[in-house]
Amino acid sequence: MPTDYILAIDQGTTSTRAIIFDQSLKPIATAQEEFEQIFPQSGWVEHKPEDLWDTTRRMCAQVLMKADVKARNIAAIGVTNQRETTIVWEKATGRPIYNAIVWQDRRTADFCQQLQQAQHEDLVRTKTGLLLDPYFSATKINWILNEVPDARAKAERGELLFGTVDSYLIWQLTGGEVHATDATNAARTMLYNIVTGEWDRELCALFDVPMSMLPEVKDCADDFGRTQPDLFDGMEIPIRGVAGDQQAATVGQACFEPGMAKSTYGTGCFVLLNTGDQPVFSRNRLLTTIAYQLDGKPTYALEGSIFVAGAVVQWLRDGLKIISDAGETDTLAAAADPAQSVYFVPAFTGLGAPYWDAESRAAIFGLTRNSGPAEIAKAALESVAFQTRDLVEAMDEDWGGAGARILRIDGGMANNQFAMQKLADQLQAPVDRPQVTETTALGAAYLAGLGAGLLETPHQFTRQWRSAHQFIPLVDKSAADQDYQGWQKAVQRVLYKG
Ligand SMILES: Nc1ncnc2c1ncn2[C@@H]1O[C@H](COP(=O)(O)OP(=O)(O)O)[C@@H](O)[C@H]1O
Ligand SMILES: O=P(O)(O)OC[C@H](O)CO
């Protein structure tokens with residue numbers, strides 16, 4: 001049998017997936033497992049790095065078995081990951097010195113505020129395209145170095161390494177041989193200059209992060225080393241593709257032309273609009289980021305980041321316990337009393353774009369004695385559509401109204417008919433769900449195939465993209481606007497910043 005499969009590892013916020021694709025990029029088999037979410041204090045979110053690695057290793061083994069494919073038939077591995085999540089480990093042992101601090105974690109809000117008050121936001125923004133928010137890695141690294149005993153001294157002696165989840169997995173996969181990341185993940189650390197394409201000395205000084213801890217930055221389709229032999233039956237499989245999960249989804253949705261946009265509904269929701277070879281800086285507090293980097297050339301994107309999308313459904317299941325499965329919200333919401341105006345602002349960990357309010361917390365408005373699980377589920381799903389409209393309106397202004405008129409959607413929650421119909425209604429524009437909804441893994445597989453020289457240029461891949469379902473607006477603009485105004489009022493009531 002020829003060596004012609006690609007293994008994509010998608011290490012997400014709530015679960016780890018491994019998917020095998022054939023050379024035509026058709027998914028052959030998937031293995032997936034959830035892992036523990038740790039909430040030590042209000043606004044804090046952690047993962048055990050060992051869980052991220054163990055689930056990765058096991059899902060890779062499982063998917064090979066499921067697909068009945070041998071390791072020797074895997075031509076290349078692509079890695080994609082939850083972004084910004086921060087891990088610091090010992091160079092000598094590979095042992096993490098603290099749990100992974102997850103992107104949603106808000107513990108460094110005060111530090112960010114101090115830096116804002118000291119007028120550092122413009123510097124950060126021009127160099128990184130980001131805002132001074134706890135979301136990004138820099139202040140999380142600073143926290144670990146300050147709070148873990150001896151960490152700072154060890155870091156200064158060059159004994160500690162930092163990585164986003166991709167780097168940590170590459171380090172583990174290669175048996176400590178390779179400490180690298182790609183430009184899209186580097187762009188989320190708040191230490192990387194997205195214009196010059198290098199780690200920024202001034203920012204590392206500002207956040208007090210020794211540059212010796214930082215990984216080498218590579219293209220998205222590049223040589224990230226080979227797996228250590230005892231992981232895959234003695235085979236050393238090349239790792240050839242890496243991208244942050246939202247950027248991988250942008251690739252997987254074939255958004256290769258300026259003006260094309262995708263929106264991914266996983267734990268959070270992230271809209272990325274391709275802006276071409278020049279960074280566009282937002283006037284509406286959206287982020288500027290690298291969509292992908294090939295042959296040393298970055299393609300930039302405007303990004304809107306919502307911290308809670310699918311996570312609100314998880315909360316209905318695990319917190320409120322009104323459903324036992326995420327999919328149940330679909331029928332539950334459809335049965336809600338249409339006369340009630342319940343709004344749910346899911347600011348469990350503050351609000352992301354365009355509000356950037358780390359201290360606000362969630363609230364439900366408009367409850368009556370007749371409100372029940374159906375009305376709450378409906379409001380939860382609708383919150384995702386309203387939040388996306390917030391982003392798309394901001395993007396339209398920044399991009400001169402010439403943004404994508406059709407949004408490509410993916411992620412676990414894109415399977416929810418009710419939520420996605422509401423989205424089309426709110427945007428007053430069509431919403432396209434593709435045939436392959438595992439676009440994040442697909443993007444990573446494509447990059448790995450490109451890096452391994454198995455696959456052709458992006459234009460070839462673009463021709464393969466197919467819509468499976470298009471949602472079109474079913475309400476008129478005035479009804480949608482009236483609904484949206486209720487949301488805007490609800491948001492104003494939870495904003496901490498006022
Ligand atoms: N049918 C559905 N309806 C609503 N939400 C869903 C549905 N299926 C999955 N989800 C939500 O989507 C999220 C999982 O999507 P996924 O893309 O796997 O996320 P992640 O990569 O962040 O782990 C969960 O938060 C889950 O609650
Ligand atoms: O794990 P996801 O799919 O929710 O994505 C998380 C993002 O990368 C955070 O920036």
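This is a predicted model: local features need pLDDT of at least 70, side-chain atom pairs count only at pLDDT 80 or more; totals for chains, interfaces and linings use all residues.
Residues are numbered from 1 along each chain as its sequence is written, and chains are lettered from A and ligands numbered from 1 in the order in which they are written.

Around ligand 1 there are 18 residues, of which G12, G266, T267, G310 and G412 come nearest; a residue is near a molecule or strand if its C-beta atom, placed from the backbone, lies within 6 Å of it. Helix 10 (residues 310–318) gives the largest share of this shell, four residues, where helices (H or I, at least four residues) and strands (E, at least two) are DSSP runs numbered from the N terminus. By class, the shell around ligand 1 holds four nonpolar, 14 polar and no charged residues, with Ala, Val, Leu, Ile, Met, Phe, Trp, Tyr, Cys and Pro counted as nonpolar, Asp, Glu, Lys and Arg as charged, and the others, Gly among them, as polar. Because domain 1 (5–245) and domain 2 (253–434 + 466–498) both give residues to the shell, ligand 1 lies between them; the domain bounds come from an automatic or database domain assignment.

The surroundings of ligand 2 include G12, Q82, R83, E84, W103, D245 and G266, and its shell has one nonpolar, eight polar and three charged residues. Each of domain 1 (5–245) and domain 2 (253–434 + 466–498) supplies at least three residues to the shell around ligand 2.

Strand 14 (residues 261–265) is largely enclosed by the rest of the structure, because five of its five residues are buried, that is, 20 or more other C-beta atoms lie within 10 Å of their own, all placed from the backbone. From this strand A261, S263 and Y265 point one way, and K262 and T264 the other way. Strand 14 runs antiparallel to strand 15 (residues 269–276), to which five bridges join it, two strands being paired if DSSP finds at least two bridges between them. A hairpin of three residues connects the two strands, and S263 stands opposite V271. Strand 14 also pairs in the parallel sense with strand 20 (residues 407–410), over three bridges, and there the bridge partner of K262 is R408.

Helix 14 (residues 439–451) is mostly covered, with 13 of its 13 residues buried. Just after helix 14, G453 takes a positive phi of about 75 degrees.

Key: A residue is buried if 20 or more other C-beta atoms lie within 10 Å of its own, exposed if 12 or fewer, and partly exposed in between; C-beta atoms are placed from the backbone.
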